[in-house]
Amino acid sequence: MRFLKPLRRAASVALVSALVTNTAFAVKPGGNSGQSSSGTAKVTANIPEFIVLHYYSALTLNFETPTAEALDEGDKEFNVSWTGEATGDGLSTASLMDAKLELSSGMTTVNLGNVWAVRGFSKSGNAEVSITIPSGGDILRNGNSQIGMSNVRVTDGSSTGSSIRTNLGGIAKSSATFGGVLMELDFSKTNRSGSHNGGQYTITASTI
């Protein structure tokens, strides 16, 4: 049994040697025997495409009340018969004086600022914003009085069109991109005051 003791001692030395070989440690300078170890982890984040569109679902355009005017068109002579019939050149479209309120062909362009906003994530960091008029949405009516709506466009201050490419600054509300809408309104068939209803437009925002 005496020969087993050297074998056990040799096995113990081999075990200690193996433990020392496979354990990483560092001795701090100055004789401090504290130990430390560190490792580096790689982090990857997969962000989905995501877009938020803010818009008004109903808009009411309150036009200012124009100043009432009386325009003196000068002197005019009429020939009158004894039967009461009168002839002469009266007022015509060509002869009317210009007033403060005067629309060319009854058409005016309305610029509505900051009526939509977008935010989110996309592969390019941009979004496409487009606008269309759905079927039947181009006429605002009040009985037989009509206002035509056409040529709708979106704008972000730097680009304007029926479809634009705009910056998508992230998901935070503080980095949202704001934009407006331009439209042409035709008053040539408008003869009533009051509310004219039925106009519509659709805004679409897409990641690109």
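These legends describe close-up views of a predicted model. Residues are numbered from 1 along each chain as its sequence is written. Local features need pLDDT of at least 70 and side-chain atom pairs pLDDT 80 or more, whereas totals for chains, interfaces and linings use all residues.

**View 1. Elements of the protein chain.** The protein chain has 1 helix and 11 strands, where helices (H or I, at least four residues) and strands (E, at least two) are DSSP runs numbered from the N terminus. From that terminus on, the order is α-β-β-β-β-β-β-β-β-β-β-β.

**View 2. The largest pocket.** This pocket has a volume of about 1,200 Å³. A pocket is an open set of points on a 1 Å grid over the protein atoms alone, where a 1.4 Å probe fits, with protein on both sides within 12 Å along at least five of seven lines; lining residues have an atom within 4 Å of a point. The volume is the space filled by probe spheres set on the points. Of the 37 lining residues, L61, F63, L140, I147 and L185 are the closest to the centre. Elements that give two or more residues to the lining are β1 (50-55), β4 (107-121), β7 (145-155), β10 (177-186) and β11 (202-207).

**View 3. A nonpolar surface patch.** I47, F50, F121 and I171 make a nonpolar patch of about 350 Å². Accessible areas come from the Shrake-Rupley method with a 1.4 Å probe.

**View 4. Residue I47.** I47 lies in the loop between α1 (4-21) and β1. I47 counts as exposed (over 50% relative accessible area) because its relative accessibility is 58%.

Conventions:
Side-chain values use heavy atoms; hydrogens and water are left out. Patches are made of residues with over 30% relative accessible area and no salt bridge: like charges are joined within 9 Å, nonpolar side chains (Val, Leu, Ile, Met, Phe, Trp, Tyr) within 5 Å. A salt bridge is a side-chain nitrogen of Lys or Arg within 4 Å of a carboxyl oxygen of Asp or Glu. Buried means under 20% relative accessible area, exposed over 50%, partly exposed in between (1.4 Å probe, protein chains only).
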